[in-house]
Amino acid sequence: QTVTLMVYMCGTDLESKSGMATADLEEMASATLSDNLRVIVETGGTSNWQNSVVKSGTNQRLRVKQGGLQMLDSNVGKKSMVDPGTLSDFIQYCKSEYPADRYMLVLWDHGGGSLTGYGYDELFQDDSMSLDEINTALKNGGCKFDMIGFDACLMATMETALVTSQYGDYLIASEATEPGTGWYYTNWLSELASDPSIATLNVGKMILDDYIQMSSSSSQTTLSMVDLAEFAKTAPGAFSAFSASTKELIANDGYSNVASARSGARDFSAGSKINQIDLIHFAENLNTAESNVLAEVLRQSVKYNRNSTNISHASG
């Protein structure tokens, strides 16, 4: 079997200030790679790359080889990494140039959750790729993925899962902010290269385990893996019933119950004020028939979830 892993790497200040993208490229190049695994990267979105291979005035495409980077296209053009057309072009390029039995996609950058979506481009400022635009990019990309991952903050939301469920089997993302170091790439790429038929769930477990293990003990980290087909089948109906019953509670005398369930729910975005809470925690706090069904349905669709010891009620 063959696997093509597409890494869409919008460097931003994570790279220009801290060299975080370069560090992750080094982790990828440190893996024991084989011809069965093609790791293809598009770079852009930062004013300055902290390595001697990648240039910042234009988007570039590279293949990660064991021990280094191979330039595939040194001048893709200066394109916004948060324009959906740039992402769909990259997906189409990878699929036509590196056809494979399996495809995986990792979106690397900042994330703003359901409100602002993915990415920030230092060269095309004041913009991000909304969930609607992510949907456009994935639709036009024309590829079905075993796994769609966000190495970015705050992207493990119900809305992200609804969008990506049309294009992937699993979603890997974080409910919380990620430390700048993000995912750790070496081990799972080595495993995937040595056995390209490894189950996607097992790949995800390695990503989650390494992420928690390699992140500094001071950061509150969480990462989850959602079965998107199961989610798409069960969550929308349960959520509609939950919404209707909760709306009724608010309209009648149950307002204070809903308010206290909400205020007691784990909030991941207090700093950014985007109002993202752990939906399972909120639903269980509310403890109505409909909210308990929703909580159970969501728990079932989260196939693996890892948290650092200093974070609670991060259920995926």
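User: How much space lies in the largest pocket?

Analyst: Rolling a probe the size of a water molecule over the atoms shows where empty space is left. A pocket is an open set of points on a 1 Å grid over the protein atoms alone, where a 1.4 Å probe fits, with protein on both sides within 12 Å along at least five of seven lines. Here the largest pocket holds about 680 Å³, a volume being the space filled by probe spheres set on the points. This is a predicted model: local features need pLDDT of at least 70, side-chain atom pairs count only at pLDDT 80 or more, and totals for chains, interfaces and linings use all residues. Residues are numbered from 1 along each chain as its sequence is written, and side-chain values use heavy atoms, with hydrogens and water left out.

User: Which residues lie nearest the centre of the largest pocket?

Analyst: Lining residues have an atom within 4 Å of a point. There are 31 of them in the largest pocket, with Thr-157, Met-158, Glu-159, Ile-277 and Leu-279 nearest its centre. Helix 6 gives the largest share, four residues. By class, the lining divides into 19 nonpolar, eight polar and four charged residues.

User: How many residues line the second largest pocket?

Analyst: The second largest pocket, of about 210 Å³, is lined by 16 residues, including His-110, Gly-111 and Gly-112. Its lining has six nonpolar, nine polar and one charged residues.

User: At what angle do the axes of helix 10 and helix 11 cross?

Analyst: Axes are lines fitted to C-alpha atoms, for helices over the stretch in contact, and angles run from 0 to 180 degrees between N-to-C directions. Helix 10 (residues 255-263) and helix 11 (residues 279-286) have axes that come within 8 Å and cross at roughly 145°. In contact (heavy atoms within 4.5 Å), Asn-257, Val-258, Ala-261 and Arg-262 of helix 10 meet Phe-282, Asn-285 and Leu-286 of helix 11. Four nonpolar, two polar and one charged residues make up this contact.

Notes: Helices (H or I, at least four residues) and strands (E, at least two) are DSSP runs, numbered from the N terminus. Ala, Val, Leu, Ile, Met, Phe, Trp, Tyr, Cys and Pro count as nonpolar, Asp, Glu, Lys and Arg as charged, and the others, Gly among them, as polar.
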